[in-house]
Amino acid sequence: MGASITLAGESLIAQKQGAQEVLEVARFVLANVPGLDPTSSVDRAAGKPPAAQIVHTANVNRKGYVSPRQVIYSLMVGSDIGDWDFNWIGLETAENVLFAVAYVPLQQKRKNIPPEQIGNNITRNFLVEFTGAQALTGIVVDASTWQHDFTVRLSGIDARERLSNRDAFGRACFLADSLKMERNAFDLFQLKAGVAYVEGIRVQLTEPVLTQLPVFPAKAWLDVSLTRVASDVVASWQVVFGNAKSDYQDNNSVQHYLVEVASVATSGEITDLRASQPITQELVKHFAARVGDYPQLRARATTKDDVDLGELPNAKSDDPTSNSSEILATTKALQALRLAMDEELVGMTGLFSTPTAPPGWLKENGAAVSRVAYARLFAKIGTKFGAGDGVTTFNLRDSRAKFPRFVDDGRGIDVGRTVGSDQADETRIHTHTGSSAAAGGHTPTATTGAAGKHAHLIRSGIYTPDGIDQEGFEVEPRNIVNYGEAGAHDKLTSENGDHTHPVTVAPVPDHNHVITIGSTGGLETRPINTAYLACIKY
């Protein structure tokens with residue numbers, strides 16, 4: 001570990017250098033200081049902790065130099081010493097001067113007391129650096145002759161164990177229902193207890209663990225790593241959420257491995273995504289159970305007749321064009337056939353009753369799409385509906401809110417059209433009915449002209465000289481011109497005969513009539529129809 005030289009230590013260095021005396025670091029002092037922050041800077045002006053906090057004092061076991069300005073002091077404490085904890089380490093000189101100090105996370109030292117307690121050994125190395133350190137301390141032993149770094153050795157053991165597990169369990173293996181996401185009796189999400197292996201790292205839950213999910217829908221992943229805790233390396237895990245996750249290294253260069261656990265729909269329904277195996281016992285017993293007639297394992301000597309496939313032919317073919325009842329098509333042949341059929345459909349327009357395009361199709365919305373990603377479609381339609389950016393993209397047909405019309409193809413009804421061309425809207429020539437409104441009653445006027453003098457008999461009867469007819473009525477002629485003797489005639493007649501009167505008719509004055517023509521229809525001309533989503537196969 002690195003150390004901070006105290007102010008008293010700096011002063012002692014100067015004194016020793018001035019007097020040309022050897023600086024002797026004599027002992028380690030270990031203490032448990034309550035509330036000490038191991039990440040904080042060392043208080044170089046402070047002295048030793050109080051005696052009640054000091055848990056162990058021991059002489060330096062070994063010392064050596066790394067370079068002319070770096071020296072190392074080592075402490076080794078066996079399993080026969082304990083029990084105590086410490087988070088403060090100091091170096092004292094032969095003059096009892098606190099020379100250097102380091103803060104560390106709380107460490108445990110336990111004594112070996114069989115069989116109740118297994119003890120531990122601790123080794124602490126203190127690196128001190130200052131100008132002329134080797135010469136001033138008089139250390140002549142190279143530290144490499146006794147300083148053994150077991151970090152690489154232990155890391156190699158961890159790596160080999162992980163890879164051995166990886167060979168046995170693969171990328172991920174959840175034993176039976178281990179770590180399966182479920183809802184508990186309180187309707188909370190939790191992972192079941194059990195054992196799983198992720199990239200060879202063994203994860204064990206001794207009891208169910210609650211998991212706090214974000215807003216639905218959510219996809220849960222298990223994030224597993226080998227993390228250093230104090231002087232040990234342990235398996236660490238956490239549940240993280242996201243649509244897509246991959247392995248990564250954190251800021252401490254620790255490798256993390258991520259595998260899917262479950263997805264939770266908006267409704268709260270859980271879909272198990274674990275790569276699980278029905279392993280409920282030791283592996284050796286699990287595999288031993290597969291010896292003999294195991295229902296999920298096909299033995300090497302099994303024949304077609306054993307599995308009721310005796311009538312199948314022995315020949316097989318990868319050629320999708322072969323046509324024989326004696327040859328079985330392989331999955332490769334089926335895949336080739338599917339790809340050939342798929343190729344034939346490229347550029348086809350399809351109508352769908354869904355709001356989104358199905359896999360392998362794009363909405364015909366005029367969008368610019370990649371010429372590389374949709375190379376098959378670009379080879380079919382090119383820039384017919386738009387060149388996109390002219391380099392990397394091209395446009396799809398825009399069929400939104402349009403009616404399809406089949407190409408005329410020589411029939412003579414819709415001439416001059418090409419496949420994929422657009423046509424503006426139009427209304428066919430037609431007639432409308434109309435009616436006029438009344439404009440008021442009207443009557444022409446007429447007058448007659450004069451036609452000469454004449455008399456008219458007012459009353460018929462036998463005229464008598466005394467003016468009294470035989471019935472006793474008075475008869476008086478009007479404008480009588482000629483009449484006979486009394487009693488000679490029974491009526492009077494006018495002097496003039498038949499005649500005519502001229503008639504003049506006045507014309508009716510000019511006037512207007514209101515004409516009303518009825519309207520029909522709405523904002524557009526259309527037949528009865530159904531709306532579909534137009535998509536093109538790519």
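Student: Is asparagine 96 buried or exposed?
Tutor: This is a predicted model, in which local features need pLDDT of at least 70 and side-chain atom pairs count only at pLDDT 80 or more, while totals for chains, interfaces and linings use all residues. Residues are numbered from 1 along each chain as its sequence is written, and side-chain values use heavy atoms, without hydrogens and water. Buried means under 20% relative accessible area, exposed over 50% and partly exposed in between, with a 1.4 Å probe and protein chains only. Because its relative accessible area is 54%, asparagine 96 is exposed.

Student: Near what value is phi of asparagine 96?
Tutor: Asparagine 96 belongs to the loop between S6 and S7; strands (E, at least two residues) and helices (H or I, at least four) are DSSP runs numbered from the N terminus. Most residues other than glycine have a negative phi. In asparagine 96, a residue other than glycine, phi is positive, near 65 degrees.

Student: What is the relative accessible area of aspartate 187?
Tutor: Aspartate 187 is found in the loop between S10 and S11, and its phi is also positive, near 65 degrees. Aspartate 187 counts as partly exposed because its relative accessible area is 48%.

Student: Near what value is omega of the cis bond from glycine 82 to aspartate 83?
Tutor: Aspartate 83 is placed in the loop between strand S5 (70-77) and S6. The bond joining glycine 82 to aspartate 83 has omega near 0 degrees.

Student: Within what arc do the buried residues of H1 fall?
Tutor: The buried residues of H1 are Gly9, Leu12, Ile13 and Lys16. The arc is taken over directions from the helix axis to the C-beta atoms. Seen down the axis, these residues line one face of H1, because they fall within an arc of 105 degrees.

Student: Which exposed residues does H1 carry on the face turned away from its buried side?
Tutor: On the buried side, H1 packs against strand S1 (4-5), strand S6 (84-93), strand S7 (98-109) and helix H2 (133-137), contact meaning heavy atoms within 4.5 Å. The face turned away carries Gln15 and Gly18.
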